[in-house]
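Here is a short report on one protein chain. Keep the sequence and the coordinates open while reading.

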Amino acid sequence: MTPPRIVVFDLDGTLVDTAPDLINALNFVLDREGMPPLPLASARNLIGAGARKLIERGLEAGGGTVTVGELDRMMRDFIDYYAEHIADESRPFEGLEAALDDLEGRGYRFAVCTNKLEWLSKLLLERLGLTRRFAAICGADTFGVAKPDPAILHQTVARAGGRSAASVMVGDSGTDIGAARRAGISVVGVSFGYTDVPLADLKPDRLIGHMNDLPEAVESLMKSM
C-alpha cells in the first residue's frame with residue numbers, strides 16, 4: 001500500500017494567528033516584572049522559537065535582564081496564563097479550512113510540527129475545532145528536539161504514516177525553512193506569519209500570501225518530486 005502524501009504545517013503564524021494571545025501572555029509576565037507591555041504590531045515577530053525564546057526576546061526588547069531561575073519562573077507563569085487564554089483571540093488564517101478540504105480531496109494527509117509544547121498545541125487545535133484534521137500533532141517536547149533540527153520533521157512525518165520523500169512543509173519563518181532544508185523536504189512559505197526577515201529572502205520553494213493559494217503550491221511541488 002502506497003504511503004499517503006503528507007503536508008506538514010507549522011502552527012503559530014501558519015495555521016493559526018496566535019499572536020494576540022501569545023503577546024497578551026508575554027505582557028502578563030512582563031507586567032509582573034514591572035516592565036511595560038509590548039505592542040502587538042512590533043512584538044508579533046518575536047514569535048516562532050517556542051515560549052522560552054519568546055520571553056527572552058520580550059525581555060531583550062524591553063531592556064530587561066533576569067537570572068536563569070527567574071526566567072524559569074516566568075516561563076511557568078507564562079504557560080499557566082497562556083493555557084487559560086489560549087483561544088481568546090487566536091483564529092485560523094482566512095481560507096485555511098477550504099484549503100484543507102481541497103487538499104484532503106486530492107488525497108493528502110496533514111500533520112503539525114511546531115516548537116510549541118505538544119499539549120498546548122493540541123489544546124489550541126481542540127479549542128478551534130481543528131484536531132480531527134491532523135494525523136499527528138508534534139511539539140518541541142514530543143521527540144526531545146525542536147526545529148530547525150530535521151529530526152522533528154522526519155519523525156512527525158513518520159508518526160502521520162508518511163515518508164519524508166513524499167511530504168511538503170508549510171511554514172512562516174526561517175526556523176521552518178531551515179528544518180525543511182535540513183530534512184530534504186520541499187517547503188511552502190506563507191508571507192502572513194511571524195518573521196523579522198522577509199520570507200522571500202529565505203527562498204522557500206513556493207511563497208504564498210493567502211491560504212487560497214496553498215493547494216496549487218503543494219501540488220506543484222509534489223509533481224516535481
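## Overall fold

The model is predicted, not experimental. The protein chain has 9 helices and 8 strands. Its radius of gyration is 17 Å, close to the 17 Å that the globule rule gives for 225 residues, so the chain is as compact as a globular protein of that length. Along the principal axes, the C-alpha atoms fill a box of roughly 55 × 30 × 30 Å.

Burial takes in 52% of the 225 residues. Contacts in the chain also reach across the sequence. Among those with a separation of 6 or more, 67% come from residues 24 or more positions apart.

## Nonpolar cores

In soluble globular proteins, nonpolar side chains tend to be buried together. Here the largest nonpolar core has 59 residues. F9, F78, F134 and L214 have the most contacts inside this core. Take F78 as an example. Beyond its neighbours within four places in sequence, F78 is in contact with L22, A25, L26, V29, A51, L54 and I55.

Another core lies apart from the largest one and has 18 residues. Its members include A111, C113, A136 and A180.

## Helices α3 and α4

At what angle do α3 and α4 cross? Helix α3 covers residues 51-61, and helix α4 covers residues 68-84. Their axes come within 10 Å and cross at roughly 115°. The crossing is right-handed.

From α3, the contact uses A51, R52, L54, I55, E56 and L59. From α4, it uses V68, L71, D72, M74, M75, F78 and I79. By class, the contact residues divide into 10 nonpolar, no polar and 3 charged.

Is D77 buried or exposed? D77 counts as buried because its relative accessibility is 17%, and the cut-off for buried is under 20%. Leaving out residues within four places in sequence, D77 is in contact with F28, V29 and R32. V29 is also a contact of F78.

## Helix α6

Helix α6 spans residues 118-127. Its buried residues are E118, L120, S121, L123, L124 and L125. They pack against β2 (16-17), α4, β4 (108-113), β5 and α7. After α6 comes G129, whose phi is positive, near 70°.

## Helix α9

Helix α9 (residues 214-223) is mostly covered, with 7 of its 10 residues buried. The buried residues are L214, P215, A217, V218, E219, L221 and M222.

Which elements cover the buried residues of α9? They include the strands β1 (5-9), β4, β6 (167-171), β7 and β8. Helix α5 (96-105) is also among them.

## The loop between β5 and α7

V145 lies in the loop between β5 (134-138) and α7 (150-159). Setting aside residues within four places in sequence, V145 is in contact with G139, A140, A151 and I152. S90 is 55 residues from V145 along the chain, and their C-alpha atoms are separated by 26 Å.

P148 lies in this loop too. A cis peptide bond joins K147 and P148, with omega about 15°.

## The loop between β7 and β8

K203 lies in the loop between β7 (186-190) and β8 (206-208). Its phi is near 55°, a positive value in a residue other than glycine. K203 counts as exposed because its relative accessible area is 60%, and the cut-off for exposed is over 50%.

L202 lies in that loop as well. At 29% relative accessibility, L202 counts as partly exposed. Not counting residues up to four places away in sequence, L202 touches S173, G174, I177 and V197. G178 is 24 residues from L202 along the chain, and their C-alpha atoms are separated by 9.0 Å.

Technical notes:
Residues numbered from 1 in each chain as written. Predicted model: local features only at pLDDT ≥ 70, side-chain atom pairs only at ≥ 80, totals over all residues. Heavy atoms only, no water. Axes fitted to C-alpha atoms, helices over the stretch in contact; angles between N-to-C directions. Helix = DSSP H or I, 4+ residues; strand = E, 2+ residues; numbered from the N terminus. Left-handed = near helix turned anticlockwise from the far one by under 90°. Contact = heavy atoms within 4.5 Å. Nonpolar A, V, L, I, M, F, W, Y, C, P; charged D, E, K, R; others polar. Core = buried A, V, L, I, M, F, W, Y, C linked by side-chain atoms within 4.5 Å. Buried < 20%, exposed > 50% of the residue type's maximum accessible area, 1.4 Å probe, protein only. Rg over C-alpha atoms; globule rule 2.2 N^0.38 Å.
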